[in-house]
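Me: Hi, I have a new structure open and I'd like to talk it through slowly. Could you help me read it?

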Amino acid sequence: MEPNTDQPNIEAILNGDSREFAKIVDAYKNLVFTVALRMVKNTEEAEEVAQDTFVKVYRSLEKFKGDSKFSTWIYRIAYNTCLDRIKKHKKETHHIAIDEIEGFEIKHMDNALHHLIDKEKSKLVKKCVERLAPKDAALITFFYFEDKNLAELAVVMDLTENNVKVALFRARKRLAKVLKEQLNSETIYNYE
């Protein structure tokens, strides 16, 4: 495991220097907000979730043992805070049947996600990710946009690596369906 670069800040905070916490917030605020926005799908709620996440991080900082990367620990808190918010507000989630997707479409989807060079493609994929259920959106965001590996995702989502693989496969299938719908509707729109 790589050394924790946040350890000096954590120790300073635990020793009473709360100003050091601002450095941690600055380092992770964009990532936490991005995950929250993908899951709760509302800017104001995402801001509240991000704020709640950092309050929880501050209050439970002494519980961080260093078993995982500090960023993974913060992601897990953000992920669970989002799930709590979603349960609390009983948000409707968009469930997409995965039976409607062919296997070859997944290969194309993987290639598209790994080769996001063009800004338009990136914008389209992010728009489609927003249409996914919160857990699927979080998985896709963590894995493809935040470059988290399966082991880190297993810690964040409290699953085994194999369960993460299955969940990621299903999330990609659902994303492929959304992308297919989006591309079809844009093609129709452009030729009307």
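Me: Which residues touch the most other members of the largest nonpolar core?
Reply: Keeping in mind that this is a predicted model, the largest nonpolar core has 32 residues, and those touching the most other members are Met39, Tyr79, Ile140, Phe142 and Leu175.

Me: And which elements give two or more residues to this core?
Reply: Two or more residues come from each of α2 (21–40), α3 (43–59), α4 (70–89), α6 (119–129), α7 (134–145), α8 (150–157) and α9 (161–191). In terms of domains, domain 1 (10–88) and domain 2 (103–191) each supply at least three residues to this core.

Me: What does Ile140 touch, not counting residues up to four places away in sequence?
Reply: With those residues set aside, Ile140 touches Val129, Leu132, Phe145, Leu168, Ala171, Arg172 and Leu175.

Me: What does the second core include?
Reply: The second core, which is separate and has 16 residues, includes Ala50, Phe54, Val57 and Phe70.

Me: Let me step back. How many helices and strands are there?
Reply: The secondary structure comes to 9 helices and 0 strands, so that reading along the sequence gives the pattern α-α-α-α-α-α-α-α-α.

Me: What share of the residues counts as buried?
Reply: Of the 192 residues in the protein, 42% count as buried. As for contacts, if you take those with a separation of 6 or more, 73% of them are between residues 24 or more positions apart.

Me: Now the packing. How are two packed helices described?
Reply: Two packed helices are described by the angle between their axes together with the distance between those axes. For α2 and α3, the angle is about 135° and the axes are 8 Å apart, and these two helices are therefore oblique to each other. Their crossing is right-handed.

Me: Which residues make that contact between α2 and α3?
Reply: On the α2 side they include Phe21, Ile24, Val25, Tyr28 and Val40, while on the α3 side they include Thr43, Glu45, Ala46, Phe54 and Tyr58.

Me: What about α3 and α4, at what angle do they pack?
Reply: α3 and α4 pack at an angle of about 130°, and their axes are 9 Å apart, which makes α3 oblique to α4. The contact uses residues of α3 including Glu45, Glu48, Val49 and Asp52, and residues of α4 including Phe70, Trp73, Ile77 and Arg85. As for handedness, α3 passes α4 in a right-handed crossing.

Me: You mentioned Arg85. Is Arg85 buried or exposed?
Reply: Arg85, which is found in helix α4, is buried, because its relative accessible area is 10% and buried means under 20%. Leaving aside its neighbours within four places in sequence, Arg85 is in contact with Val40, Glu45, Glu48, Val49 and Asp52.

Me: What is phi of Asp147 near?
Reply: Phi of Asp147 is near 55°, a positive value in a residue other than glycine. As background, most residues other than glycine have a negative phi. For Asp158, phi is likewise near 55°; Asp158 lies in the loop between α8 and α9 and counts as exposed at 56% relative accessibility.

Me: Last one, where does Ser18 lie?
Reply: Ser18 lies in the loop between α1 (7–14) and α2, and Ser18 is partly exposed, with a relative accessible area of 41%. Ser18 and Tyr58 are 40 residues apart in sequence, and the distance between them in space is 9.0 Å, C-alpha to C-alpha.

Methods:
Residues numbered from 1 in each chain as written. Predicted model: local features only at pLDDT ≥ 70, side-chain atom pairs only at ≥ 80, totals over all residues. Heavy atoms only, no water. Core = buried A, V, L, I, M, F, W, Y, C linked by side-chain atoms within 4.5 Å. Buried < 20%, exposed > 50% of the residue type's maximum accessible area, 1.4 Å probe, protein only. Helix = DSSP H or I, 4+ residues; strand = E, 2+ residues; numbered from the N terminus. Domains from an automatic or database assignment. Contact = heavy atoms within 4.5 Å. Axes fitted to C-alpha atoms, helices over the stretch in contact; angles between N-to-C directions. Parallel < 35°, antiparallel > 145°, perpendicular 65-115°, else oblique. Left-handed = near helix turned anticlockwise from the far one by under 90°.
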